[in-house]
Amino acid sequence: MSVLFLLIAASLFCAAGFLGAFLWAVRNGQYDDAATPALRILMDDGVAAAQNESGNHSDSP
Amino acid sequence: MIQDSHIPCTHCGLPCDDTSHTLEGVPFCCAGCLTAFRILKGAGMDEYYRLNTAPGIAPQPNSRGAYYTDLDDEAVACRVCDFNDGRYAEVTFRIPQIHCSSCIWLLENLHRMLPGIRSSRADFFKKTVSIGFERDKIALSKIALLLDSLGYAPWPKERAEDDLRRKKNLLLRLGVAGFCFGNVMLLSLPEYLAAGTSSLDAFRPFFSFLNLLLSLPVLLFSASDFFISAGRAFRAKAINIDVPLAIGLASLFVRSLFDIAVSAQAGYLDSFTGLVFFLLIGRAFKEKTFDTLNFERDYESYFPIAVTRISTGGERLVPLAEIRTGDHLRLRNNEIIPADCVLQSANARIDYSFVTGEPEPQYKSAGDPLYAGGRQIGESIEVIASKPVSQSRLTRLWNNADFKRVKRVRFDVISNKVGRAFTWGTLVIAGLSGLYWSFVGTREALGVVTSVLLVACPCAMALGFPFVFGTAMRQLGRHGVFLKNMNVLETAARIDALVFDKTGTITHSGAAKTTFIPAPGCPGLNASESALIRAVTSHSVHPLSLAITASLPESSAPAFDTFRETPGQGITATVNGHAIKIGGAARVAATDSDDAARVRIDLDGRQRGTFVIAQEFRHGLAGVIRELGKTATVQLLSGDAPRQKDEIASRFFSDRQDTLHFNQTPDMKMAFVSRLRDSNRFVGMVGDGLNDAGALRESDLGIAVVDDINAFSPASDVIFSGTSFEKLPAFFAAARASVNTLRATILLSLFYNAIGLGFAVSGRLSPLVSALLMPASSISVMLFASLVTRLRLKKLGFPLSVAERREFPRQTPVPETAVAA
């Protein structure tokens with residue numbers, strides 16, 4: 001059972017990594033606008049299709 | 001057979017009154033929508049209409065033209081742009097009309113419509129768009145004009161950079177607290193599950209140590225705000241809601257530290273981290289609600305940013321702040337007079353509706369003084385500024401000592417009262433129980449005292465307040481009622497005296513009851529005559545012309561031969577060969593006693609008749625005043641002369657003429673409100689604009705009723721959209737309901753506290769009990785507060801789910817030609 005010491009320490013270390021990633025993401029401004037990206041997903045990449053005349057059609061999702 | 005009036009406009013969804021606006025068979029309600037559609041179709045932007053049904057907004061007639069052309073001035077551009085290196089610039093506009101994905105799509109595809117735009121990025125929540133463009137390829141004013149013609153009139157971005165930093169900080173704290181809370185809970189589980197078995201003994205110190213380690217960031221970082229706020233209150237010898245919170249948190253931590261280090265027990269660190277986590281959630285909820293409803297606006301957003309100054313070198317746009325006494329200025333049609341000045345041109349027509357409430361423009365001649373806040377109607381005029389902007393009468397009114405001072409809050413907000421009672425109660429109970437247990441032993445006594453301190457939790461205040469008022473604010477916002485902050489609801493619940501302004505508040509500013517009285521011996525107007533007259537009046541922005549235009553049926557506009565609008569003398573025009581003269585008041589003999597406005601119409605040289613235009617009262621006014629009268633005294637203050645006094649009294653005020661006061665200047669209104677407050681009443685002032693600014697600030701609660709939600713006054717605490725006017729009594733009822741719900745939440749919290757204190761005082765508070773009680777009380781308080789508020793407000797007429805697509809009332813009011821009061 002003494003392996004628990006090692007396991008817990010290791011998992012805490014791993015979890016701290018994720019916390020670090022979260023802190024970095026917030027500082028980087030990724031959470032500044034949570035509403036607009038949700039709307040952008042629904043829009044087709046019409047720009048590429050309309051302006052690309054050489055016939056490279058983008059697949060519609 | 002579907003009637004024409006049921007066909008919805010393809011662009012904005014409003015019903016089309018007729019089929020006069022169609023493009024290749026596609027119906028629209030007005031020329032604005034048709035133009036917007038044509039622009040979008042021409043640029044290949046059909047996706048806009050595919051993403052949502054009728055996503056457009058009917059564009060307003062271009063009433064902000066001055067603002068847009070001002071944007072080309074270099075000084076103004078520097079102020080407005082975020083980035084500007086001469087060749088490439090970035091500007092952020094605020095676009096309140098953003099309400100759906102089509103709006104976002106359109107705003108982010110602007111580069112397809114104007115070649116000089118490099119990129120644009122919209123923010124749905126903040127309702128802004130940031131546009132990067134090349135200055136030598138396109139002018140900023142063109143961008144603004146395009147946005148305006150599509151229905152997305154741009155406004156200057158508000159200065160809110162600190163907000164972002166605060167939000168980030170809160171998010172960081174919340175993340176850290178959540179992380180630590182989760183891990184501490186996991187590490188504490190063995191303590192509860194394996195209680196009594198010896199297999200735990202080897203690990204207990206290890207887990208406790210880890211818990212301490214994980215609690216440190218929570219104590220030092222996540223919870224720092226509470227301690228700082230409590231410390232500040234302490235130094236000011238006051239007790240606010242954060243004081244008992246800080247005491248509780250500190251007790252939790254210290255007691256746990258002691259238990260772990262000295263008695264080799266588990267401590268209460270899971271309750272500690274959990275409490276901080278839930279409190280921060282409450283804060284985050286408050287911030288999120290606030291974001292949608294924040295409206296701190298400078299009056300500079302209302303006055304035009306720049307004015308044309310005439311000097312020896314020519315005419316230049318200068319920012320407001322640069323205007324000096326003696327400057328020659330040119331004011332164009334619809335421009336607002338920025339400073340007190342003297343008229344140089346021969347004639348001017350000034351609309352002082354925002355200053356005195358009089359809807360009819362005054363005719364001025366050379367040498368007359370003009371006052372700031374008025375608007376020039378018609379040809380451009382030249383004036384000489386007699387005072388720089390900062391001393392004009394309007395800003396003087398605003399900078400009046402009575403306003404600059406923060407509103408005297410005359411009652412203690414519930415949270416502070418509860419905070420105080422709670423702190424004292426906890427300390428007393430802790431003291432008494434400690435005293436009792438000291439007879440048994442000091443160790444037990446200390447244990448009990450700290451238990452009492454840590455279990456007593458004023459979560460109701462900390463969590464209930466943001467959830468009750470935040471939810472209420474959101475629901476009210478969905479129905480056109482916007483509050484400045486949460487404390488407004490508490491104030492609104494106490495109002496027992498209401499004062500109404502007349503013009504624009506109880507009357508529609510813009511809509512009017514218009515009747516045509518034919519000249520003696522002549523019949524009424526036929527269709528072609530109506531079309532002719534309408535064609536002429538629709539080109540004038542005179543309020544009476546607007547009223548006539550609205551009252552005549554829409555028809556295809558005949559061609560013009562000549563058109564001349566002379567200030568003070570009406571309009572002279574020839575249309576289709578017919579000569580039309582639409583006369584001003586000067587050419588009409590006022591014979592009746594009800595001084596409604598009269599406009600004489602001459603067709604082909606002979607008098608055809610007169611339009612009589614009365615002001616129209618808001619729909620449902622009588623009912624509103626009656627309802628309000630049940631809980632408050634209602635009075636009327638008006639800047640107008642006492643026209644229609646008898647009618648108003650009998651129709652709306654139960655014939656009590658003593659409640660009506662006329663000829664009130666802005667200063668008099670302020671003094672009136674002040675007197676009411678001094679006689680110990682809680683005064684709510686309902687007004688509409690700048691002329692009420694003083695009184696709105698002076699009152700306990702300032703409500704601005706606006707028909708165009710972008711033109712409000714910063715002096716108000718509540719903004720009521722004109723279309724929701726009938727909900728005014730319901731608003732006050734909702735405020736009272738919210739305060740009652742808050743009280744109920746406090747009771748709920750007291751219930752939990754009683755249980756917890758029972759355990760604590762009897763010395764049986766174990767970490768397990770505390771760990772169960774804390775989250776239970778926090779979560780149930782949050783749920784109770786938000787659900788009960790939602791239900792009560794729904795019953796009062798403010799349900800949360802409204803047709804989501806409209807967060808604003810219609811900007812173009814549907815003309816009501818029939819009056820129903």
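Modeller: Let us begin with B:Leu213, which lies in helix H8 of chain B, residues 204-222; a helix here is a DSSP run of H or I with at least four residues, a strand a run of E with at least two, and both are numbered from the N terminus. This is a predicted model, in which local features need pLDDT of at least 70, side-chain atom pairs count only at pLDDT 80 or more, and totals for chains, interfaces and linings use all residues. Residues are numbered from 1 along each chain as its sequence is written, chains are lettered from A and ligands numbered from 1 in the order in which they are written, and side-chain values use heavy atoms, without hydrogens and water.

Biologist: Why is B:Leu213 called partly exposed?

Modeller: Its relative accessible area is 46%. Buried means under 20%, exposed over 50%, and partly exposed in between (1.4 Å probe, protein chains only); B:Leu213 is therefore partly exposed.

Biologist: What makes B:Phe209, B:Leu213, B:Leu216 and B:Leu220 a nonpolar patch?

Modeller: A patch takes residues with over 30% relative accessible area and no salt bridge, joining nonpolar side chains (Val, Leu, Ile, Met, Phe, Trp, Tyr) within 5 Å and like charges within 9 Å. These four form such a patch, with about 400 Å² of accessible area together (Shrake-Rupley method, 1.4 Å probe, only the protein chains shown counting as cover for residues).

Biologist: Why is B:Thr789 called buried?

Modeller: B:Thr789, in helix H26, has 1% relative accessibility, so this residue falls under the buried limit.

Biologist: How do you know that the side chain of B:Thr789 makes a polar contact with B:Ala785?

Modeller: The side chain reaches the backbone oxygen of B:Ala785 at 2.5 Å. A polar contact is a pair of N or O atoms within 3.5 Å; within protein, one must be able to donate a hydrogen and the other to accept it, and residues adjacent in sequence count only if both atoms are side-chain atoms. The pair therefore qualifies.

Biologist: What makes A:Arg40 and B:Glu108 a salt bridge?

Modeller: Their side chains meet at 2.6 Å, N to O. Across the interface of chain B and chain A, one salt bridge is found.

Biologist: How much area do chain B and chain A bury between them?

Modeller: About 2400 Å², 75% of it on carbon and sulfur atoms; buried area is the accessible area (1.4 Å probe) that two parts lose on being put together, summed over both. B:Leu172, B:Phe179 and B:Phe203 supply 23% of the area that chain B buries there, more than any other three residues.
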